[in-house]
Amino acid sequence: MTEPATTGRATTRRCFLTAAGAAGLAAALTACGGGDDSSSAAPSQGSGGEGMELAKTSDIPEGGGKVFADHKIVVTQPKAGEFKAFSSVCPHAGNPVGDVSGGTINCPFHGSKFSITDGSVQAGPSPKPLPSAEIEVKGGTISMA
């Protein structure tokens, strides 16, 4: 018995759908990544921002700090002339911290608060401190290291 004339078309359609499904699956798996979420909590390394000026030292209030959302970094000045930097991504849920006030770096999403001195958790729910970040202070300028 011979096959109907539409078999060639059905085979072509089946091949096309199979290939399209495989391509979609590959794209989805690539987008999901390897599951290592540690990179989302810290500023990206080697992003070309090294040496880029963030602020003047006079822009960072003593006992406070400033969030640089575009660079995913927060710079603080716990004591006069002492500058610290941390990731501005809250380790709890990966949201950006909102501001620096009252001696803490504050996440507006779930209420986590972090020390401006060492990034340690002052109030949860974050189970982890803010990772430190590298900055360079020369004269009156703060730059990414």
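Reader: Is K138 buried or exposed?
Author: K138 is exposed, with a relative accessible area of 58%. Exposed here means over 50%. Keep in mind that this is a predicted model.

Reader: Which residue does K138 meet in a salt bridge?
Author: The partner is E136. The two side chains meet at 3.4 Å, N to O.

Reader: And how accessible is E136?
Author: E136 has 37% relative accessibility, so it counts as partly exposed.

Reader: Why would two such side chains pair at all?
Author: Opposite charges on side chains can pair when the charged atoms come close.

Reader: How many salt bridges does a search of the whole structure find?
Author: The search finds 4 salt bridges.

Reader: Which residues are joined into one network?
Author: K79, E82 and K84 are. Their salt bridges share partners. E82 bridges to K79, with the closest N and O atoms 3.8 Å apart. E82 also meets K84, at 3.5 Å from N to O.

Reader: How open are those three?
Author: K79 is exposed, at 54% relative accessible area. E82 is partly exposed, at 22%. K84 is partly exposed too, at 28%.

Reader: Switching to strands. What is the order in the open sheet of 3 strands?
Author: The order is β1-β10-β9, and the pairing is antiparallel.

Reader: Which strands stand at the edges?
Author: β1, residues 53-56, and β9, residues 135-138. Each has a single partner strand, so one side of each is left without a neighbour in the sheet.

Reader: How many bridges link β1 and β10?
Author: There are 3 bridges, in the antiparallel sense. Strand β10 covers residues 141-144.

Reader: What stands opposite K56?
Author: T141, which is in β10.

Reader: Now loops. Where is P61?
Author: P61 is in the loop between β1 and β2, and β2 runs over 64-68.

Reader: How accessible is P61?
Author: Its relative accessibility is 40%, so P61 counts as partly exposed.

Reader: How far is P61 from T76?
Author: They are 15 residues apart in sequence. In space the distance is 7.7 Å, C-alpha to C-alpha.

Reader: And where does K72 lie?
Author: K72 lies in the loop between β2 and β3, with β3 at 73-79.

Reader: What is phi of K72?
Author: It is near 55°. That is a positive value in a residue other than glycine.

Reader: How accessible is K72?
Author: K72 is at 45% relative accessibility, so it counts as partly exposed.

Reader: Another one: S112. Buried or exposed?
Author: S112 is buried, with a relative accessible area of 1%. The cut-off for buried is under 20%.

Reader: Where does S112 lie?
Author: S112 lies in the loop between β6, residues 104-106, and β7, residues 113-115.

Reader: What does its side chain reach?
Author: The side chain of S112 reaches the backbone nitrogen of S126, at 2.9 Å.

Reader: Which other residues is S112 in contact with?
Author: Leaving aside neighbours within four places in sequence, the contacts of S112 include C90, H92, I105, N106 and C107. A123, G124 and P125 are also among them, and so is S126.

Key: Residues are numbered from 1 along each chain as its sequence is written. This is a predicted model: local features need pLDDT of at least 70, side-chain atom pairs count only at pLDDT 80 or more; totals for chains, interfaces and linings use all residues. Side-chain values use heavy atoms; hydrogens and water are left out. Two strands pair if DSSP finds at least two bridges between them. Helices (H or I, at least four residues) and strands (E, at least two) are DSSP runs, numbered from the N terminus. Buried means under 20% relative accessible area, exposed over 50%, partly exposed in between (1.4 Å probe, protein chains only). A polar contact is a pair of N or O atoms within 3.5 Å; within protein, one must be able to donate a hydrogen and the other to accept it, and residues adjacent in sequence count only if both atoms are side-chain atoms. Contact means heavy atoms within 4.5 Å.
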